[in-house]
Amino acid sequence: FVRVRNVTLGLTVPQRFLGRLNAETFRIYATAQNAATWTKSTVLVPEGRSSAGTPSPRMFLVGANVGF
């Protein structure tokens, strides 16, 4: 099986675009945990380490860091 556990994508906005926000730095980001699993197995947890036998939940987070 192949599993993508953690993925983070971010963008730091250049200062020339921050004039209206009165901010020195601005970064937006998105993070996904347990994003994808590809397997030929019919078992819910291919690595077999979960005590409940259920897959780990997917979690998505979107945010922004602003420095003034």
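This is a predicted model: local features need pLDDT of at least 70, side-chain atom pairs count only at pLDDT 80 or more; totals for chains, interfaces and linings use all residues.
Which strand does Thr 31 lie in? Thr 31 belongs to strand S2.

Begin with the overall makeup. The protein chain has 0 helices and 3 strands. Read from the N terminus, its elements run β-β-β. The chain counts 68 residues, of which 15% are buried. Its exposed surface comes to about 5600 Å². Carbon and sulfur atoms supply 57% of that area. Now take the contacts in the chain with a separation of 6 or more: residues 24 or more positions apart account for 67% of them.

Next comes the sheet. The 3 strands form an open sheet, ordered S1-S2-S3, with antiparallel pairing. S1 and S3 are the edge strands, and each of them pairs on one side only. Strand S3 spans residues 59–67. On average, neighbouring strands of this sheet are turned by 15° against each other, direction ignored. As background, strands of a sheet pair through backbone hydrogen bonds, and the pairing is either parallel or antiparallel.

Look at the two pairings in turn. S1 pairs with S2, residues 25–38, in the antiparallel sense over 10 bridges. Within that pairing, Thr 8 stands opposite Thr 31 of S2. S2 also pairs with S3, again antiparallel, over 9 bridges. There, Arg 27 has Asn 65 in S3 as its bridge partner.

Back to Thr 31. Is this residue buried or exposed? Its relative accessible area is 18%. The cut-off for buried is under 20%, so Thr 31 counts as buried. Its side chain makes a polar contact with the side chain of Thr 8, at 3.3 Å. Leaving out residues up to four places away in sequence, Thr 31 touches Val 7, Thr 8, Met 59, Phe 60 and Leu 61.

Asn 34 is also found in strand S2. With a relative accessible area of 17%, Asn 34 is buried. What does its side chain meet? A polar atom of the Asn 34 side chain lies 3.1 Å from the backbone oxygen of Pro 57. Pro 57 is also on the list of residues that Asn 34 touches, once those up to four places away in sequence are set aside.

Most residues other than glycine have a negative phi. Asn 34 is not a glycine, yet its phi is positive, at about 55°. Asn 22 likewise has a positive phi of about 55° without being a glycine. Where does Asn 22 sit? Its place is in the loop between S1 and S2. Asn 22 is exposed, with a relative accessible area of 64%, whereas Asn 34 is buried.

Finish in S1. Leu 11 lies in this strand, which covers residues 2–12. Neighbours within four places in sequence aside, Leu 11 is in contact with Phe 26, Arg 27 and Ile 28. One of these, Arg 27, is the residue whose bridge partner in S3 is Asn 65. Leu 11 and Ala 30 are 19 residues apart in sequence, and their C-alpha atoms are 9.3 Å apart in space.

Definitions and conventions:
Residues are numbered from 1 along each chain as its sequence is written. Side-chain values use heavy atoms; hydrogens and water are left out. Helices (H or I, at least four residues) and strands (E, at least two) are DSSP runs, numbered from the N terminus. Contact means heavy atoms within 4.5 Å. Buried means under 20% relative accessible area, exposed over 50%, partly exposed in between (1.4 Å probe, protein chains only). Accessible areas come from the Shrake-Rupley method with a 1.4 Å probe; for residues, only the protein chains shown count as cover. Two strands pair if DSSP finds at least two bridges between them. Axes are lines fitted to C-alpha atoms, for helices over the stretch in contact, and angles run from 0 to 180 degrees between N-to-C directions. A polar contact is a pair of N or O atoms within 3.5 Å; within protein, one must be able to donate a hydrogen and the other to accept it, and residues adjacent in sequence count only if both atoms are side-chain atoms.
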